[in-house]
Amino acid sequence: MNLDFDTNLALGYHSNLQKIRIMSESWVVDNAYCVRCGNKLNHFKNNKPVGDMYCKKCKEEFELKSNKAKLGKKIVDGAYSTMIEKIENGDVPNFFYLNYSLKDYKVNNLLIIPKHYLTKEIIIKRPPLPQTARRAGCIGCNIDVSLIPESGKLYLVKNGHEENRDIVIDNFNKMLFLRKSKGELRGWLLDVLKCIELLNKKEFALNEVYSFEKYLKTKHPKNNNIQAKIRQQLQMLRDYGYLAFTKRGQYILL
Ligand SMILES: [Zn+2]
């Protein structure tokens, strides 16, 4: 994978924003790949916002966000209401986050946040734009990346090195089961996944997951039986082949 932007593409553009947009978008189409099937990506033709691409073979859709800063706590996105609507209808794309070096126009990091990790709970409203702004009153949103489990941040390029393609594709596909549950159910599944990740163990006990009860209660204040909810998610994760029960109250990640 060539990690350099093609700077020839930027000739004739004046604003830095436009230069980066054109170079990063072309770079992704020429060098990245569909994380579901490994195929090459394509630009959308016409009436689609820039930065969007798709895979002809499996029809996955992608949106590119480029930034000279590494991935932080949040990603700034467009209109809040549009984003919520897309999540509800299931037509939200997978998000590529490309972090480049402005000094030498090189890709430092490229990661993908699969669409099955995007729930309404992680979309945060921004304050409306001031009256002086061109789009006064518009309400944008941030994607709160800190709430996403680590398995939902797949690096294709990390610190200037390409990651193994087969592993990336494998990691994307093994979590596709998340798409089977919708809305609040998916939210619960992702919350429990995040707790399991925080344990950072291959084998763990039910009691250890229960230790996140308080945290989960803050996220789901109306629920009065958090422990039952935890057990239900663990059962679903077992049915999906993510983990197995070894003996009573003991689990192993597969
Ligand atoms: Zn594909």
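**Entry 1: ground rules and helix 4**

I take helices (H or I, at least four residues) and strands (E, at least two) as DSSP runs, numbered from the N terminus. This is a predicted model, so I note that local features need pLDDT of at least 70 and side-chain atom pairs count only at pLDDT 80 or more, while totals for chains, interfaces and linings use all residues. Residues are numbered from 1 along each chain as its sequence is written.

Just after helix 4, I found N200 with a positive phi of about 55°.

Next I looked up burial, where a residue is buried if 20 or more other C-beta atoms lie within 10 Å of its own, exposed if 12 or fewer, and partly exposed in between, with C-beta atoms placed from the backbone. In helix 4 the buried residues are R186, W188, L189, L190, D191, V192, L193, C195 and I196. I see them pack against helix 5 (206-210), helix 6 (213-219) and helix 7; for contacts I use C-beta atoms, placed from the backbone, that lie within 7 Å.

**Entry 2: helix 4 against helix 7**

How do helix 4 and helix 7 cross? The axes of helix 4 and helix 7 (residues 226-239) come within 9 Å and cross at roughly 90°. My axes are lines fitted to C-alpha atoms, for helices over the stretch in contact, and angles run from 0 to 180 degrees between N-to-C directions. Angles of 65 to 115 degrees count as roughly perpendicular (under 35 is roughly parallel, over 145 roughly antiparallel, the rest oblique). Helix 4 and helix 7 are therefore roughly perpendicular to each other. The contact uses W188, L189 and V192 from helix 4, with K229, I230, Q233, L234 and M236 from helix 7.

I then looked up the nonpolar core, meaning a set of buried Ala, Val, Leu, Ile, Met, Phe, Trp, Tyr and Cys residues joined through C-beta atoms within 7 Å. The largest one has 51 residues, and V28, F96, L98, L110, I112 and V192 have the most contacts inside it. Helix 4 (residues 183-199) supplies the largest share of this core, seven residues.

I followed L98: leaving out residues up to four places away in sequence, L98 touches S24, V28, L64, S66, V107 and L110. Helix 1 (residues 16-31) has I20, M23, S24, E25, W27 and V28 buried. Those buried residues pack against strand 2 (52-54), strand 3 (61-67), strand 5 (94-101) and strand 6 (106-113). I also checked the length of helix 1: its 16 residues reach 22 Å from first C-alpha to last, close to the 22 Å expected.

**Entry 3: two open sheets**

I count two strands as paired if DSSP finds at least two bridges between them. Strand 4 joins strand 8 (residues 140-144) through five bridges, and the bridge partner of A79 is G140.

Which residue of strand 13 stands opposite F204? It is Y251, and F245 stands opposite Y251 as well. In the hairpin of strands 12 and 13, with four residues between the strands, G249 takes a positive phi near 75°.

**Entry 4: a stop at S151**

Is S151 buried, exposed or partly exposed? S151 is partly exposed, with 19 other C-beta atoms within 10 Å. I found S151 in the loop between strand 8 and strand 9 (154-158). S151 touches M175, L193 and E197, not counting residues up to four places away in sequence. S151 and F172 are 21 residues apart in sequence and 8.5 Å apart in space, C-alpha to C-alpha.

Methods: Contact = placed C-beta atoms within 7 Å. Expected span 1.5 Å × (residues − 1).
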